[in-house]
Structure formats: C-alpha cells, structure tokens
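Open the model in your viewer and keep the sequence beside it. This tour goes from one selection to the next.

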Amino acid sequence: MRFVIEWREVVGRGREIKELREKMGMNRREFSDYYGIPYRTVQDWEAEKRQLPDYLLRLIKYRAEMEGMVKKDES
C-alpha cells in the first residue's frame, strides 16, 4: 500500500511541473533555460519518465513565487 501512495505522489509531480510552466507562460525551452535545467530533463519530468525530486519541485515553485512569475496560491 505504501508503494502505491508514493508512486501516485511521484506521478503527480510531472503534471505539477507542467502546470507551473504553463502558468508562467513559458514553453519547455524557455522554462529549462530560465532554471538552467536541461531541456530533456524537463521533457522527461513532464512525460513522467523521470522522477522529479519533491525538494526540487518546492524550490522551483518558490523561485517562481519570489520572482513574481506566479502568485503563491496558484502554484
């Protein structure tokens, strides 16, 4: 049961990063350049082929909020 819960959390992160990117009004290339993350990594996160670490998702959201790219309640 624990594996199932953790797996769902991981799967949701790919969707979260895509939603954040779209709220920021960026395509994948712009997003990857903005954060200094390889394009293929962002692509794999969104396709859920790679696991996006939770701490990194929180940091990405935090930077977007602090720089005014999205409102705190939107992310």
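A polar contact is a pair of N or O atoms within 3.5 Å; within protein, one must be able to donate a hydrogen and the other to accept it. Keep in mind that this is a predicted model.

Start with R21. Find R21 in helix α1, residues 2-23. Is R21 buried or exposed? R21 counts as buried, because its relative accessibility is 8% and the cut-off for buried is under 20%. Now show the side chain of E46 as well. The side chains of R21 and E46 are joined by a polar contact of 2.6 Å. Next, display what R21 touches beyond four places away in sequence: M26, N27, R28, F31 and E46.

Select N27 from that group. N27 caps the N-terminal end of α2. Look for its side-chain oxygen, which lies 3.0 Å from the backbone nitrogen of R29.

Move along helix α2, residues 28-35. Which residues are buried here? Select F31, S32 and Y35, which are buried in α2. These residues sit on the same side of α2, because they cover an arc of only 95° around the axis. Then step to G36, which follows α2. The phi of G36 is positive, near 70°.

Finish at E48. Where is E48? Look in the loop between α3 (39-46) and α4 (54-66). Phi of E48 is near 60°, a positive value in a residue other than glycine.

Terms used. Residues numbered from 1 in each chain as written. Predicted model: local features only at pLDDT ≥ 70, side-chain atom pairs only at ≥ 80, totals over all residues. Heavy atoms only, no water. Helix = DSSP H or I, 4+ residues; strand = E, 2+ residues; numbered from the N terminus. Buried < 20%, exposed > 50% of the residue type's maximum accessible area, 1.4 Å probe, protein only. Contact = heavy atoms within 4.5 Å. Arc of directions from axis to C-beta.
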